[in-house]
Amino acid sequence: MMNNFTIKNGILSGAEFISSPNFNARPIKNDQPEVSGIVIHNISLPPSEFGKTDKNGMHFVKAFFQNQLNPDDHDYFKDIHTLQVSAHLFIECDGAVTQFVNFNDRAWHAGQSSYLGRANCNDFTIGIELEGDDFSPFTDIQYEVLAKIIAAIHVAYPATCRHLMGHSDIAPVRKTDPGEFFEWSRLRQMIDEQLISS
């Protein structure tokens, strides 16, 4: 059982921090960067292959978020290696957590998007990528880690408490993740349990 996570100055304790160049400043609201929502995604590189690494042992997703994906490593990468994409967090199938962008900064995870009539969700959301796809169940440890992290985010950024969404909710024409296998009710119950016990 992992310890509870904490957040200080936008950094998540217990996560490896690997800085992505793909971020910029959030808009300022009430003299602070606004953080008022959480977006859940899934990602796997190559698609539907998990835990794959390059010849240097770098996880392909981590390489992608650092603009270091080698197009020669897989045909699929030829079309995406020049994209500038990031997320705040990446949770692997085994529960390992990597942070790429400070929560107080804007990661480039949502793309063209809208939530409750408000466009540009990158401006005000935290993006969390789960290693996975639309066709496979996520692991128990991913739910456990995700619930603990979201509970910590709710404590650090109380405005997020009522705004937890999937990528498919904010970009329904373009995106389907985290997919039909994602257990929203299970996650919400686990988050509630974390908040009660903390």
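Visitor: Of the contacts in the chain with a separation of 6 or more, what share comes from residues 24 or more positions apart?
Guide: Those residues account for 69% of such contacts. Keep in mind that this is a predicted model.

Visitor: How many helices and strands does the chain have?
Guide: There are 5 helices and 14 strands. The radius of gyration is 16 Å, close to the 16 Å that the globule rule gives for 198 residues, so the chain is as compact as a globular protein of that length.

Visitor: What box do the C-alpha atoms fill?
Guide: Roughly 45 × 35 × 30 Å, taken along the principal axes.

Visitor: And what percentage of the residues is buried?
Guide: Buried residues make up 50% of the 198 in the chain. The chain exposes about 9700 Å², and carbon and sulfur atoms supply 49% of that area.

Visitor: On to the helices. What is the reach of α3?
Guide: Helix α3 covers residues 140-156, which is 17 residues. From the first C-alpha to the last, α3 reaches 25 Å, close to the 24 Å expected at 1.5 Å a residue.

Visitor: Why is α3 described as largely enclosed by the rest of the structure?
Guide: Because 13 of its 17 residues are buried.

Visitor: Take Q142, then. Is Q142 buried or exposed?
Guide: Q142, which sits in α3, has a relative accessible area of 2%; the cut-off for buried is under 20%, so Q142 counts as buried.

Visitor: What does Q142 touch?
Guide: Not counting residues up to four places away in sequence, Q142 touches I91, E92, C93, L130 and E131. With E92 there is also a polar contact to report: a polar atom of the Q142 side chain lies 3.4 Å from the backbone oxygen of E92.

Visitor: Where is G95?
Guide: G95 is in the loop between β8 and β9 (97-99). G95 is buried, with a relative accessible area of 4%.

Visitor: Which residues is G95 in contact with, leaving aside its neighbours within four places in sequence?
Guide: I141 and V145.

Visitor: What separates the C-alpha atoms of G95 and D72?
Guide: A distance of 28 Å, with the two residues 23 apart along the chain.

Visitor: Which side chain does H88 join in a polar contact?
Guide: That of R26, at 3.3 Å.

Visitor: Last one, α5. Which residues are buried there?
Guide: L187, M190, I191 and Q194. Seen down the axis of α5, the buried residues fall within an arc of 105 degrees, so they line one face of the helix.

Visitor: What do those buried residues pack against?
Guide: They pack against α3 and β14 (164-166).

Visitor: And which exposed residues does the face turned away from the buried side carry?
Guide: S185 and I196.

Visitor: How many residues does α5 have?
Guide: Helix α5 has 14 residues, 184-197. The reach from its first C-alpha to its last is 20 Å, close to the 20 Å expected at 1.5 Å a residue.

Conventions. Residues numbered from 1 in each chain as written. Predicted model: local features only at pLDDT ≥ 70, side-chain atom pairs only at ≥ 80, totals over all residues. Heavy atoms only, no water. Helix = DSSP H or I, 4+ residues; strand = E, 2+ residues; numbered from the N terminus. Expected span 1.5 Å × (residues − 1). Buried < 20%, exposed > 50% of the residue type's maximum accessible area, 1.4 Å probe, protein only. Polar contact = N/O pair within 3.5 Å; in protein donor to acceptor, adjacent residues only side chain to side chain. Rg over C-alpha atoms; globule rule 2.2 N^0.38 Å. Contact = heavy atoms within 4.5 Å. Areas by Shrake-Rupley, 256 points an atom, 1.4 Å probe, with all protein chains shown as cover. Arc of directions from axis to C-beta.
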